[in-house]
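Q: I am new to this structure and would like to learn how to read it feature by feature. Could we go through it slowly, with the general idea placed before each case?

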Amino acid sequence: MKHSTEKIDFIKHIVFDRDGTLLNFVSYLSDINQVKLIKGVKEGISTLKDLGHKIYLHTNQSGISRGYFNFNKVVECNNEMIDLIGLGPHVFEEICIASDFPQKKNSYRKPSPKFGNEIIKKTKIDKNLLIYVGDNITDIETAKNIGCRAIGVNYGLSNLQKIINERKDIDFLTFNSFSEVIEEIIKVQ
């Protein structure tokens, strides 16, 4: 993937889902030995950072509230992912781990808009500069609830494009590779 690394006039804020978007999907991932980047993630994240964009992580981790593993296991897996990306410990501006299930009032659990709205408020950006990227309908619904952009990935667990096509209230693009996602993020004005 070859792109100009000249900084842009406006910074996009991209919120990535973790499992099935940045990492190969493993149900209730809690073992760092199972943390594997999806093809193109390291290069794609590097490209976005080189262009000056801000990267965030928003992950639902109901395995914590279900008692399958504890919060520290999620942090360990996140840290392993960050090490594999290789851009230093602060590659993500912020990481939101939503551990509740079922969703509680005032929750960060997607499709709650809470985390995205906090980014918008804190950074004082127009919501059109916020992009949610994920493999699950809840990622897309989160963007819809915020009123920002979304990009779906169709290499996760479910056929997201099929789910989106069946919905009349959602119309976002999906792509079959991480490199296509990065190309779309870069060209979005």
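Q: Are F16 and F178 buried or exposed?
A: The general idea is a scale of relative accessible area, on which buried means under 20%, exposed means over 50%, and partly exposed lies in between, with a 1.4 Å probe and protein chains only. In this structure F16 is buried, and F178 is buried as well.

Q: What should I know about the model and its numbering before I go on?
A: This is a predicted model, in which local features need pLDDT of at least 70 and side-chain atom pairs count only at pLDDT 80 or more, while totals for chains, interfaces and linings use all residues. Residues are numbered from 1 along each chain as its sequence is written, and side-chain values use heavy atoms, with hydrogens and water left out.

Q: What is the mean pLDDT of the protein chain, and where is the pLDDT below 50?
A: The term pLDDT stands for the predictor's confidence in each residue, from 0 to 100. The protein chain has a mean of 93, and 94% of its residues reach 70 or more. Below 50 are residues 1-5, a stretch that has 11 contacts in the model beyond near neighbours in sequence, where contact means heavy atoms within 4.5 Å.

Q: In what order do the strands form the sheet?
A: Helices (H or I, at least four residues) and strands (E, at least two) are DSSP runs numbered from the N terminus, and two strands pair if DSSP finds at least two bridges between them. Here 6 strands form an open sheet with parallel pairing, in the order β3-β2-β1-β4-β5-β6. At the edges stand β3 (95-98) and β6 (173-175), each of which has a single partner strand, so one side of each is left without a neighbour in the sheet. From one strand to the next, the twist averages 20°, an angle taken between N-to-C directions on a scale from 0 to 180 degrees, with axes that are lines fitted to C-alpha atoms, for helices over the stretch in contact.

Q: How many bridges join β1 to β2, and which residue in β2 stands opposite H13?
A: The strands β1 and β2 run parallel and are joined by 4 bridges, and H13 has K54 of β2 opposite it. Of the 7 residues of β2, 6 are buried, so this strand is largely enclosed by the rest of the structure. Elsewhere in the sheet, β4 (residues 130-134) and β5 (residues 149-153) also run parallel, with 4 bridges between them, and there Y132 stands opposite A150 in β5.

Q: How many aromatic pairs are there?
A: A pair of aromatic rings is described by the distance of the centres and the angle of the planes. Rings of Phe, Tyr and Trp (its six-membered ring) pair if their centres lie within 6.5 Å, and planes under 30 degrees apart count as stacked, over 60 as edge-to-face and the rest as tilted. The count by this rule is 3 aromatic pairs. In one of them the ring centres of F16 and F178 are 5.7 Å apart with the planes at 35°, so this pair is tilted. Because F16 lies in strand β1 (residues 13-16) and F178 in helix α7 (residues 178-187), the pair ties together parts that are 162 residues apart in sequence. Another pair, Y56 with F115, is edge-to-face, with 6.4 Å from centre to centre and 75° between the planes. Since Y56 belongs to strand β2 (residues 54-60) and F115 to helix α4 (residues 114-123), this pair ties together parts 59 residues apart in sequence. Y56 is buried at a relative accessible area of 3%, and F115 also counts as buried, at 3% relative accessibility.

Q: Which residue has its charged end over the ring of F101?
A: A charge sits over a ring if NZ of Lys or CZ of Arg is within 6 Å of the ring centre and within 35 degrees of the ring normal. In this structure it is R66 whose charged end sits over the ring of F101, 3.9 Å from its centre.
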